[in-house]
Amino acid sequence: MNLYGTQLIDNAYNNLKISSSGAFINATVLVGIFYNHVNNKELLVWYFLISSVSLLRFFSYKLYKKNNHKFSIQRWKQIFYGGLIVSSILFGLTPFLFFVQQSPLHQAALIIIISGLSAGGVSSLSSLIRAVQLFLVFILTPLIIKLLMQNTLLYNSIAFLVFLYLILMLYIAKEFYKNYLNILISKQMYKKTAAELSISENRFKTVFKQAPLGIFMYDTNMIIHEVNQEFMNFLEASQEFLISLDLHTLPDQRIFPSLQAPLDNIEGFYEGQYTTKFKQKNLWISMNTSPLKDINNNVIGGIGIVTDITHRIQTQLQFEHQAKHDTLTDIANRSLLLEKIEQEIIRYKRHNIIFGVIFLDLDHFKNINDSLGHAVGDELLIQTAHRLKDVIRVEDTIARIGGDEFVILLPDLANEMQFAATNAERIAEKIHNILSKSFKINDLTLNVSASLGIAFIGNGSQSPDDILKYADIAMYEAKKAGRNTTKFYQHKMDEWISRRMAIENGLRDAVKNQELELHYQPIIDFATSKVIGAEALLRWNTPKFNDVYPDEFIPIAEESGLILEIGKWVLQTALKQFVAWQKEFTGVIELQKIAVNISAHQFENSNFLHDVDSIIKKTNIKPSCLELELVESALVENLKTVSTRMQKLRDLGVSISIDDFGTGYSSLSYLKKLPFTTLKIDKSFVMDIQNDVDDKELISAILMIAQTFNFEVVAEGVETQEQYLFLKEKKCTYLQGYYCSKPLPNEQFIQFLRKNSVRYSF
Ligand SMILES: Nc1nc2c(ncn2[C@@H]2O[C@H](COP(=O)(O)O[C@H]3[C@@H](O)[C@H](n4cnc5c(=O)[nH]c(N)nc54)O[C@@H]3COP(=O)(O)O)[C@@H](O)[C@H]2O)c(=O)[nH]1
């Protein structure tokens, strides 16, 4: 039996109390009416039977109500049908038992009682169609037959009416049954829907409560009436504060349109910054709003779902910032600079407003970085960036595009080039001034200068790369002009670039084409005035250029990496030549030293040590005769590595001199840590001996230090007698300079040796 079957039986039993009581009452009334008008004995027997059946049916109702699990539904159905059939047969028999032939009134009473019972049965048995049909047929058919048996027109007509009544009742019973079934199904569906609704409401409540999203609901007056925990959490506001809060009163009205949208029956969205009312917190939020509707689809408010995206946005902004800014100094990086230049180019093209860039490179930064360490170098760059920020205008952009290379973009300089140049120069001047003040880093005081190159849009440059390249070229010009100065980019600088490229190309074949030559500058012993050796200095005889000097082509060879091949050639040639001189002048001149310049690039090369060793072996030179001249900047990349490499050279027996001594930063610390043999005082100090008291003192100090550390000292660039005498008096070891001789080609150097074989006479 399905669920509906059970329900149908259940309903029939529910009506059984009334219907069995009704049957009993009807039977009692019937007995009252018919007593003494029919056979009383039969009447009482019938009454006894119908009362017993009604009582039993009443008890079956009680039993069902008390414990309907006592029997199966099928059994309950059988019990019900049994009682009903007996009861309906007993009532059905009444026309045959109690038809008072001579009393139409009693006949009418009987018809009324039977009709009333049948009408009551239709409604009380409506849940069991079979039961109604049986009941009606059992109760009305005997009556119709009895009436027909009277065989008069009147009785036949009444029989016909009762028959119609039976048909009508059967029809009504069917309709009742259908309605009842519909009600039942609807009830079931309602129950099911209500259960589902309750589940979904519970789910919604759980989601509402536990969702990791802030959810709030508000009515059409914009009054909040429900909030979840997460909403309170991220606003840091209590439920008391939020419930009944009028959204019109929010101080940050940026979200208002998206709150209003649901009330206009559309969805709303807001993503952006939001300042909370309660805690005045600045957040980034993402909010979706939707209409809340009643059962008739009328908007009754809105629901907002809010996510705190502050962390995501901050991370995103941080990434964006990092992508466009220099990590060390936090100023713009190359990419942002190029973007800004691009924008200025557009402005220039539209409004003809000239802008410029200053390319700034710190002078001797590498020395500082290398000698004092990267931490100091970094701090210097940070402080430089701060100082630059102080002097530039708000509309200017300052960027770091390389180690110590800064670029300052100067928009809105002027409409005419000469005014633009004047304004840019003024800013450059400020930059020089601000950088000329000492930098304090840890316990150190550093004096720094910078070389500045300025280029303008329109001045031959059309793209961001152009303008940067030209400012860079101008900056190089400033370096060439002695540093700590500013140069403007001129058109002819293009020629400089082409020349530089031509030199690089020319140098590629210089060794193969035998265009390289070494000149030798004598080195004289101050104590004995004897020539003890020479420094090998490279010359390039090329038909392509009339005047190309080492100062110009060696940096290009270094930058292009060609110095490795060229340097090897220099070393081989110089050593071979020195060994040839030693042979030629055996017993005449004791040649002790051939000094060869080594660039940083060569020294850092992994093959260098091997090359030196194999050239020594190949040329058969006494290792102690070879002195490698290293500039300070070549030595300080990583003190430990440099020291190890130098020691390996020293282990070969080779001497090492520190070239241009005094121009770097912490020469003293190297002296203690690195295995040098010789110091070469830079010619800039020597040249100023006459004029600069400080230089004299510096040279005296260098010589004292050298004695302390047991170094030999070579003074280079000695040009005058005064310089010579001063250095001799200060017990400088060796002399080199035009005062004795310029660097000479090999043939001339040999003649110099021949001429000064005993001693050089000053
Ligand atoms: N890595 C290598 N570098 C080399 C090599 N050959 C030269 N160089 C370096 O090039 C720079 C310029 O050299 P150069 O033009 O040869 O100038 C040297 C001398 O000619 C010059 N000098 C010497 N005495 C005087 C003087 O009395 N007055 C004066 N004004 N100049 C003088 O000085 C330069 C000496 O150079 P250095 O001793 O090395 O400092 C220069 O830096 C060379 O080092 C090479 O083969 N490899």
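Mentor: A helix here is a DSSP run of H or I that has at least four residues, and a strand is a run of E that has at least two, with both numbered from the N terminus. Please keep in mind that the model is predicted.

Trainee: Which such elements each supply at least two residues of the lining of the largest cavity?

Mentor: They are helix H8 (229-235), helix H9 (239-242) and strand S4 (282-293). H8 gives the most to this lining, with three residues.

Trainee: What makes this space a cavity and not a pocket?

Mentor: A cavity is a set of grid points where a 1.4 Å probe fits but cannot get out, whereas a pocket is an open set. With the threshold at 30 Å³ or more, the count comes to one cavity, and the largest cavity has a volume of about 190 Å³. Its lining holds 20 residues, of which Phe 231, Leu 235, Leu 250, Ile 255 and Tyr 274 are the closest to the centre. By class, the lining of the largest cavity has 18 nonpolar residues, one polar and one charged.

Trainee: What is the volume of the second largest pocket, and which classes of residue line it?

Mentor: The second largest pocket has a volume of about 220 Å³. Helix H1 (3-34), helix H3 (73-92) and helix H5 (104-124) are the elements that give two or more residues to its lining. Of the 16 lining residues, Ser 19, Leu 117, Gly 120, Gly 121 and Ser 124 lie nearest the centre of this pocket.

Trainee: Why is Cys 625 called buried, and why is Cys 732?

Mentor: Buried means under 20% relative accessible area. Cys 625 has a value of 6%, so it is buried, and Cys 732, at 4%, therefore counts as buried too.

Trainee: How many disulfides does the structure hold?

Mentor: The structure holds zero disulfides, where the term would require a pair of cysteine sulfur atoms within 2.5 Å.

Trainee: What makes strand S15 (residues 593-598) a partner of S16, and which strand pairs with S16 besides?

Mentor: Two strands pair if DSSP finds at least two bridges between them. S15 and S16 have five bridges, in the parallel sense, and Ala 595 stands opposite Glu 627 in S16. S16 and strand S17 (residues 655-661) also pair in the parallel sense over five bridges, with Ser 657 in S17 as the bridge partner of Glu 629.

Trainee: How do you know that the reach of helix H19 (residues 563-584) is close to the expected one?

Mentor: The 22 residues of H19 reach 31 Å from the first C-alpha to the last, against the 32 Å expected at 1.5 Å a residue. The buried residues of H19 include Ile 563, Ile 566, Val 570, Ala 574, Phe 578 and Trp 581. An α-helix has 3.6 residues a turn, so residues three or four places apart point the same way.

Trainee: How far does helix H25 (residues 693-709) reach, and what phi does Asn 710 take just after it?

Mentor: The 17 residues of H25 reach 24 Å, close to the expected 24 Å. Among the buried residues of H25 are Asp 695, Ile 699, Ile 702, Leu 703 and Ala 706. Just after H25, Asn 710 takes a positive phi of about 65 degrees.

Trainee: What makes the phi values of Ser 244 and Lys 731 worth noting?

Mentor: Most residues other than glycine have a negative phi. Phi of Ser 244 is near 80 degrees, and phi of Lys 731 is near 65 degrees, both of them positive values. Ser 244 is in the loop between H9 and helix H10 (256-260), while Lys 731 is in the loop between helix H26 (721-729) and strand S20 (734-735).

Technical notes:
Residues numbered from 1 in each chain as written. Predicted model: local features only at pLDDT ≥ 70, side-chain atom pairs only at ≥ 80, totals over all residues. Heavy atoms only, no water. Buried < 20%, exposed > 50% of the residue type's maximum accessible area, 1.4 Å probe, protein only. Expected span 1.5 Å × (residues − 1). 1 Å grid on protein atoms, 1.4 Å probe; cavity = no way out; pocket = protein on both sides within 12 Å on 5 of 7 lines; lining within 4 Å. Points joined across faces, edges and corners; volume = space filled by probe spheres on them. Nonpolar A, V, L, I, M, F, W, Y, C, P; charged D, E, K, R; others polar.
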